[in-house]
Amino acid sequence: MQESAPLVGIIMGSQSDWPTMKHAAEVLDALGVAYEARIVSAHRTPDRLYDYAGSARSRGLKCLIAGAGGAAHLPGMAAAMTPLPVFGVPVESHSLKGQDSLLSIVQMPGGVPVGTLAIGKAGAINAGLLAAGVLALMDDALAGRLDDWRAAQTAGVAEIPVTATSDEG
């Protein structure tokens with residue numbers, strides 16, 4: 001990870017969530033945003049969650065990205081324990097394809113907000129972009145990098161469709 005103090009905390013319920021959550025880390029790496037990644041299970045390591053979320057602001061973090069599958073309580077529990085913005089990423093589950101995770105994260109009671117993203121990779125990428133966008137409000141250099149990232153994304157979209165040949169397929 002980066003040498004500077006982390007500004008974003010990426011947390012997930014288990015190691016098996018990393019293939020999804022690494023996409024948030026990759027976006028932050030590309031934008032030069034310092035982060036830390038930790039496994040913090042709401043159900044299996046509640047004391048770790050309590051300590052992590054409770055100390056996040058005092059340790060210099062500015063927002064959290066929390067990924068969870070199944071019952072997906074991690075984002076909401078983290079949001080209950082910190083005043084920092086929390087972006088929830090529903091990790092795709094085997095039984096319900098992440099719909100269970102999505103509903104668990106999005107249905108927070110009034111007063112405990114979690115910004116809920118799409119299921120899986122797209123949600124993790126967008127969580128990284130949202131975290132960077134929040135930080136860019138107070139960091140002009142990061143705002144410029146984010147503008148450049150978006151411009152590169154736009155430039156990468158072809159204007160005219162191309163028909164694939166049998167050699168490409």
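The following paragraphs describe a predicted protein model, from its overall build to individual residues.

In this predicted model, local features need pLDDT of at least 70 and side-chain atom pairs count only at pLDDT 80 or more, whereas totals for chains, interfaces and linings use all residues. Residues are numbered from 1 along each chain as its sequence is written, and side-chain values use heavy atoms, with hydrogens and water left out.

The protein contains five strands and six helices; helices (H or I, at least four residues) and strands (E, at least two) are DSSP runs, numbered from the N terminus. Read from the N terminus, the elements follow the order β-α-β-α-β-α-β-α-β-α-α. The radius of gyration is 17 Å, close to the 15 Å that the globule rule gives for 169 residues, so the protein is as compact as a globular protein of that length. Here the radius of gyration is taken over C-alpha atoms, and the globule rule is 2.2 Å times the number of residues to the power 0.38. The C-alpha trace spans about 55 × 45 × 30 Å along its principal axes.

Of the 169 residues, 41% count as buried. Buried means under 20% relative accessible area, exposed over 50%, and partly exposed in between (1.4 Å probe, protein chains only). The protein exposes about 9300 Å², of which carbon and sulfur atoms supply 56%; these areas come from the Shrake-Rupley method with a 1.4 Å probe, and for residues only the protein chains shown count as cover. Among the contacts with a separation of 6 or more, 66% are accounted for by residues 24 or more positions apart, where contact means heavy atoms within 4.5 Å.

The strands form an open sheet with the order β2-β1-β3-β4-β5 and parallel pairing. β2 and β5 (115-116) stand at the edges, each with a single partner strand, so one side of each is left without a neighbour in the sheet. Two strands are said to pair if DSSP finds at least two bridges between them. In general, strands of a sheet pair through backbone hydrogen bonds, either parallel or antiparallel.

Strand β1 (residues 8-12) is mostly covered, five of its five residues being buried. On one side are Val 8, Ile 10 and Met 12, and on the other are Gly 9 and Ile 11. Such an arrangement can be read with a general rule in mind: in a regular strand the side chains alternate between the two faces of the sheet. β1 pairs with strand β2 (residues 35-39) in the parallel sense over five bridges, and in β2 Glu 36 stands opposite Gly 9. β1 also pairs with strand β3 (residues 63-68), again parallel and over five bridges; there, Ile 65 is the bridge partner of Ile 10.

β3 in turn pairs with β4 in the parallel sense over five bridges, with Ala 66 opposite Gly 88 in β4. Strand β4 (residues 86-90) is mostly covered, with five of its five residues buried. Val 86, Gly 88 and Pro 90 point one way from β4, while Phe 87 and Val 89 point the other way.

Leu 28 lies in helix α1 (residues 18-31) and counts as buried at 0% relative accessibility. Apart from neighbours within four places in sequence, the contacts of Leu 28 include Val 8 and Ile 10 as well as Ile 65, Gly 128, Ala 131 and Ala 132. Leu 49, in helix α2 (residues 46-55), is buried with a relative accessible area of 2%. With the same exclusion of neighbours within four places in sequence, Leu 49 is in contact with residues including Val 40, Leu 74, Met 77, Ala 78 and Met 81.

Most residues other than glycine have a negative phi, and most peptide bonds are trans. Ala 72, although not a glycine, has a positive phi of about 50 degrees. The residue Ala 72 sits in the loop between β3 and α3 (74-81) and counts as buried at 4% relative accessibility. Lys 97 likewise is not a glycine and has a positive phi of about 60 degrees. Lys 97 lies in the loop between β4 and α4 (99-106) and, at 51% relative accessibility, counts as exposed.
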